[in-house]
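Colleague: Before I use any of the terms for this model, I would like to hear what stands behind each one. Please set the values against the cut-offs.

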Amino acid sequence: MDQFGRVFDYLRIAVTDRCNLRCIYCMPEEGIDFARNEQLLSRAEILRVIRIAARLGVRKIRYTGGEPLLRKDILELIRGASQTPGIDSIQLTTNGIFLTDQAAELRQAGLDGVNISLDTLDAAKFLKITRRTGVAQVLAGMRAALETGFSSVKINVVAMRGFNDDELGDFVALTKDAPITVRFIELMPFDAHQIWKTGRYFGFDMIRKDLMNLFPDLIPATGSATEGLVFQAPGHAGKVALIPAYTRSICSTCNRVRLTADGQIRNCLYSTTEHDLRAVLRNGGSDEDVAQLLKTAMWLKLKDGWDAQNEHDPGVTHHERESMTQIGG
Ligand code: SAM
Ligand code: SF4
């Protein structure tokens with residue numbers, strides 16, 4: 001719990017900073033300073049953190065990255081989390097390229113749900129944004145996930161003006177027959193190349209306005225703590241959600257703890273203060289030491305992402321990260 005009474009029962013873990021795609025708002029094409037293998041947390045370290053976090057009250061785990069399906073021991077990581085007393089939900093955020101092949105094994109290992117990132121349904125635009133081909137693979141991955149019977153399948157769409165703002169209707173159409181949630185996410189300024197500054201930003205209120213124009217009779221629905229607004233188009237099986245990732249209007253109900261691929265706790269996406277959990281793990285720290293660091297890191301969480309962004313405390317070391325792959329989306 002923190003000073004503002006927020007309770008953190010959801011741990012997001014970046015299991016690698018590597019990726020098979022190069023989304024323009026996330027990674028540069030070249031010159032990436034990837035973590036060395038020994039800098040990444042090992043499987044034993046990750047599962048130890050999960051055990052301790054579960055004893056403190058964490059119930060939900062999300063594996064992310066980078067691309068978590070590139071991690072060779074992802075099945076063991078899922079199995080280990082699913083066998084941890086107290087953990088009742090294991091989720092994964094993926095670009096979906098490898099899902100067709102892996103969905104069934106992932107489900108068998110204990111994965112409950114997947115969030116698949118897909119910003120366009122158009123092959124040429126997909127190539128532009130990810131600098132790779134693959135839209136058909138991602139859509140096949142989505143179908144495989146639905147057939148596998150995950151309890152939750154969601155599609156993450158980073159909404160960008162002049163890029164996919166003309167595809168809102170096509171994405172909503174995906175929810176017609178499939179019980180998925182399509183989530184439009186505001187672009188965030190976390191890429192070293194600052195695509196963010198090129199006029200692509202498409203804010204929450206504008207996305208909502210455009211959606212309402214297209215679908216005037218959207219019905220309010222319920223969703224997760226990350227989702228600012230949730231709707232359902234009449235007669236549609238799935239839902240549509242908006243995530244105010246930049247406007248930060250949902251910080252008061254934040255329930256998330258982040259662990260970076262190199263083992264740092266971040267109590268907010270916008271904070272540049274990190275708490276070195278890896279050092280505690282590798283310097284012989286006891287379970288109580290690990291628990292204490294988790295509790296302290298979350299107790300120090302500021303009121304919202306704006307305060308976190310504006311914090312310039314000279315007494316702490318600030319870590320500027322160049323990509324969401326390092327922090328974990
Ligand atoms: N590779 C996986 C994927 O793409 O789903 C997991 C990691 S990715 C960093 C997690 C999420 O962060 C994705 O949905 C991605 O679109 C989102 N993301 C990355 N950079 C972003 C940015 N600058 N603004 C908003 N969302 C971003
Ligand atoms: Fe890779 Fe995901 Fe970043 Fe795209 S958003 S480059 S798929 S980590």
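Predicted model: local features only at pLDDT ≥ 70, side-chain atom pairs only at ≥ 80, totals over all residues.

Modeller: Residues are numbered from 1 along each chain as its sequence is written, chains are lettered from A and ligands numbered from 1 in the order in which they are written, and side-chain values use heavy atoms, with hydrogens and water left out.

Colleague: Why is the contact of Arg-48 and Asp-287 called a salt bridge?

Modeller: A salt bridge is a side-chain nitrogen of Lys or Arg within 4 Å of a carboxyl oxygen of Asp or Glu. For Arg-48 and Asp-287 the distance from N to O is 2.8 Å, so the pair meets the definition. The two residues sit in distant parts of the chain, 239 residues apart, with Arg-48 in helix 1 (residues 43-56) and Asp-287 in helix 9 (residues 287-299). Helices here are DSSP runs (H or I, at least four residues), as are strands (E, at least two), and both are numbered from the N terminus.

Colleague: What makes Arg-48 buried?

Modeller: Buried means under 20% relative accessible area, exposed means over 50%, and partly exposed is in between (1.4 Å probe, protein chains only). Arg-48 has 18%, so it counts as buried.

Colleague: Which other salt bridges can you name, and how many does the whole structure have?

Modeller: A search of the whole structure finds 16 salt bridges. One of them joins Arg-71 to Asp-73, with 2.7 Å between the closest N and O atoms. Arg-71 is buried because its relative accessible area is 12%, and Asp-73 is buried because its value is 14%. Another links Glu-274 and Arg-266 at 2.9 Å, N to O, and both of these residues are buried. Glu-29, Arg-131 and Arg-132 are joined into one network by salt bridges that share partners.

Colleague: What is noted about the phi of Arg-131?

Modeller: Most residues other than glycine have a negative phi. Arg-131 is not a glycine, yet its phi is positive, about 60 degrees. Arg-131 is in the loop between helix 4 (123-130) and helix 5 (135-148). With 23% relative accessibility, Arg-131 counts as partly exposed. Arg-248 also has a positive phi, near 55 degrees. Arg-248 is in the loop between strand 9 (239-243) and strand 10 (256-259), and at 7% relative accessibility it counts as buried.

Colleague: Val-257 comes from strand 10. How do you know whether Val-257 is buried or exposed?

Modeller: The relative accessible area of Val-257 is 4%, so Val-257 is buried.

Colleague: What makes helix 1 roughly perpendicular to helix 9?

Modeller: Two packed helices are described by the angle between their axes and the distance between the axes. The axes of helix 1 and helix 9 come within 10 Å and cross at roughly 65 degrees. Axes are lines fitted to C-alpha atoms, for helices over the stretch in contact, and angles run from 0 to 180 degrees between N-to-C directions. Under 35 degrees counts as roughly parallel, over 145 as roughly antiparallel, 65 to 115 as roughly perpendicular and the rest as oblique. Helix 1 is therefore roughly perpendicular to helix 9.

Colleague: Why is helix 1 called roughly parallel to helix 2?

Modeller: Helix 1 and helix 2 (residues 74-82) pack at about 25 degrees, with their axes 10 Å apart. That angle makes helix 1 roughly parallel to helix 2.

Colleague: Which residues are around ligand 2, and what classes are they?

Modeller: The residues around ligand 2 are Cys-19, Leu-21, Arg-22, Cys-23, Cys-26, Met-27, Gly-66, Asn-95 and Thr-325. A residue is counted if one of its heavy atoms lies within 4 Å of the molecule. The shell has five nonpolar, three polar and one charged residues. Ala, Val, Leu, Ile, Met, Phe, Trp, Tyr, Cys and Pro count as nonpolar, Asp, Glu, Lys and Arg as charged, and the others, Gly among them, as polar.
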